[in-house]
Amino acid sequence: MATPNPTADQAPLSNFTNCHGGILKRLNALDELPALLEPAARARQIAEQSLEFFREAIFEHHLEEERELFPAVIASAQPGEELTRVKAMTQRLTDEHRRVEALWKTLESGLKRVAKGQATDLNIADLQRLVAEYKAHASYEEAEFLPLSETILSRNSNHMAALGMSLHMRHAKPVNAYI
């Protein structure tokens with residue numbers, strides 16, 4: 001009787017062992033999925049909320065500043081150095097609005113794909129630039145322009161009241177909207 005060849009007899013079992021190695025590798029990758037789903041869902045949520053917020057709040061905010069606040073402050077500024085300073089500040093802020101809005105427009109389509117959970121070519125460097133530029137814009141406006149605006153507009157209570165009324169009218173619903 002011939003002695004069995006241990007290697008030849010075990011060859012069919014080796015095929016199963018090797019298959020399990022590949023299966024286990026894929027299962028380990030699959031096991032990572034739950035940890036990745038939450039950040040992916042959060043990315044979709046942030047993109048969706050940002051799309052809505054930017055159009056409804058930020059663009060509208062810029063429009064209000066440029067149509068209401070900036071002209072009111074310019075009209076109430078004292079001629080000379082103060083008026084020159086206010087005009088320069090409002091021009092800077094308006095230029096920053098246009099840069100941020102233009103940058104947003106380059107990011108918008110990529111963010112729409114993120115919101116839908118689709119693959120995207122979203123430019124991360126531009127996204128980070130948008131955030132950094134807007135933070136700097138808001139900081140300048142809060143620290144420099146708005147305190148000066150308050151000083152200028154508070155000299156005459158009618159000017160502050162006119163601005164308040166103008167803003168109220170922009171936000172008020174027309175009476176016939178309820179009919």
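Which residues does Glu-101 touch, not counting residues up to four places away in sequence? Glu-101 touches Phe-59 and His-62 (contact means heavy atoms within 4.5 Å). This is a predicted model, in which local features need pLDDT of at least 70, side-chain atom pairs count only at pLDDT 80 or more, and totals for chains, interfaces and linings use all residues. Residues are numbered from 1 along each chain as its sequence is written, and side-chain values use heavy atoms, with hydrogens and water left out.

**Overall fold**
- The protein has four helices and zero strands, in the order α-α-α-α along the sequence.
- Helices (H or I, at least four residues) and strands (E, at least two) are DSSP runs, numbered from the N terminus.
- Of the 179 residues, 26% count as buried (under 20% relative accessible area with a 1.4 Å probe, protein chains only; exposed is over 50%, partly exposed in between).
- Among contacts between residues at least 6 apart in sequence, 74% join residues at least 24 apart.

**Helix α2**
- Helix α2 covers residues 81-115.
- Its 35 residues should span 51 Å at 1.5 Å a residue, and its end C-alpha atoms are 48 Å apart, which agrees. The expected span is 1.5 Å times one less than the number of residues.
- α2 bends by about 40° at Leu-107. The bend is the angle between axes fitted to the seven residues ending at a residue and the seven starting there.
- Glu-101 sits in α2 and is buried, with a relative accessible area of 11%.
- Just after α2, Gly-117 takes a positive phi of about 75°.

**Helix α3**
- The 30 residues of α3 should span 44 Å, and the end C-alpha atoms are 40 Å apart, which agrees.
- α3 bends by about 40° at Glu-141.
- Glu-141 is also among the buried residues of α3, which include Asp-126, Leu-130, Tyr-134 and His-137.
- An α-helix has 3.6 residues a turn, so residues three or four places apart point the same way.

**Largest pocket**
- The largest pocket has a volume of about 270 Å³.
- It is lined by 15 residues, of which Ile-46, Ser-50, Trp-104, Leu-127 and Val-131 lie nearest its centre.
- α1 (6-76), α2 and α3 (124-153) each give two or more residues to the lining. The largest share, seven residues, comes from α1.
- By class, the lining has 14 nonpolar, one polar and no charged residues (Ala, Val, Leu, Ile, Met, Phe, Trp, Tyr, Cys and Pro count as nonpolar, Asp, Glu, Lys and Arg as charged, the others, Gly among them, as polar).
- On a 1 Å grid over the protein atoms alone, a pocket is an open set of points where a 1.4 Å probe fits, with protein on both sides within 12 Å along at least five of seven lines; lining residues have an atom within 4 Å of a point.
- Grid points are joined across faces, edges and corners, and a volume is the space filled by probe spheres set on the points.
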